[in-house]
Amino acid sequence: MPPTKTTILVWGDSLSAAYGIPVEQGWVNLLQAKLGTEFQVVNASISGETTSGGLERLPAALAAIKPHYVLLELGANDGLQGKPITVIQDNLKQMIEKAIAAPAQVILIGIHLPPNYGLSYTEKFDQVYKDLAEQHQLSFIPFLLEGVATDFNLMQADGLHPTAEAQAKILEHLWPSLEYVLLKPVKP
């Protein structure tokens, strides 16, 4: 029997796992509250997750959860570790293809790296998300932390993770794209 609720799988890292703040204050929980009871938002985000780990875990999650949508927010930890761009791109591509085959609709959420990683690497990193979104005709949000990452008051002391106060702003930034996709009728 198919699920009665529209199911959304959030597949991310610490930025979606509410690192350093109470999980109920994270943007994913705020999304569940905003969408209401007709939706089930499953947050399978893990702090420290890389695209390799996400790719390894994804098939079992898709089989168990059977999501209608996958919000794919991975790659930041790969970038911070300086992993090869080709590896990041290939892992994201495989996750997108596995989710589409599940079948689920993918919304790709990108991240920007700090400038100290060098212009060449950061530009190539950003381009991975743009290219994959275009190749797979995905809904795409280029930067999860738009309007948050550059505001010192909205970031934790590590400078990488948003505060509890930032979470509503993150959802506000994501909402126009999410609303457009999520509130369309789901194909049976």
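Helix α4 (residues 85-101) packs against helix α5 (residues 119-135) at an angle of about 25 degrees, and their axes sit 10 Å apart. That makes α4 roughly parallel to α5 (angles under 35 degrees count as roughly parallel). This is a predicted model, where local features need pLDDT of at least 70, side-chain atom pairs count only at pLDDT 80 or more, and totals for chains, interfaces and linings use all residues. Residues are numbered from 1 along each chain as its sequence is written, and side-chain values use heavy atoms, leaving out hydrogens and water.

**The α4/α5 pair**
- The crossing of α4 and α5 is right-handed (the near helix is turned clockwise from the far one by less than a right angle).
- On the α4 side, the contact (heavy atoms within 4.5 Å) is made by Ile85, Ile88, Gln89, Leu92, Lys93 and Ile96.
- On the α5 side, Tyr121, Lys124, Phe125, Val128, Tyr129, Asp131, Leu132 and Gln135 make the contact.
- Sorted by class, the contact of α4 with α5 has nine nonpolar, two polar and three charged residues.

**Loops worth a look**
- Ala102 and Pro103 are joined by a cis peptide bond, with omega about 0 degrees.
- You'll find Pro103 in the loop between α4 and β4 (105-109); helices (H or I, at least four residues) and strands (E, at least two) are DSSP runs, numbered from the N terminus.
- Lys66 has a phi near 50 degrees, a positive value in a residue other than glycine.
- The loop between α2 (51-65) and β3 (69-73) is where Lys66 sits.

Technical notes
Axes fitted to C-alpha atoms, helices over the stretch in contact; angles between N-to-C directions. Parallel < 35°, antiparallel > 145°, perpendicular 65-115°, else oblique. Nonpolar A, V, L, I, M, F, W, Y, C, P; charged D, E, K, R; others polar.
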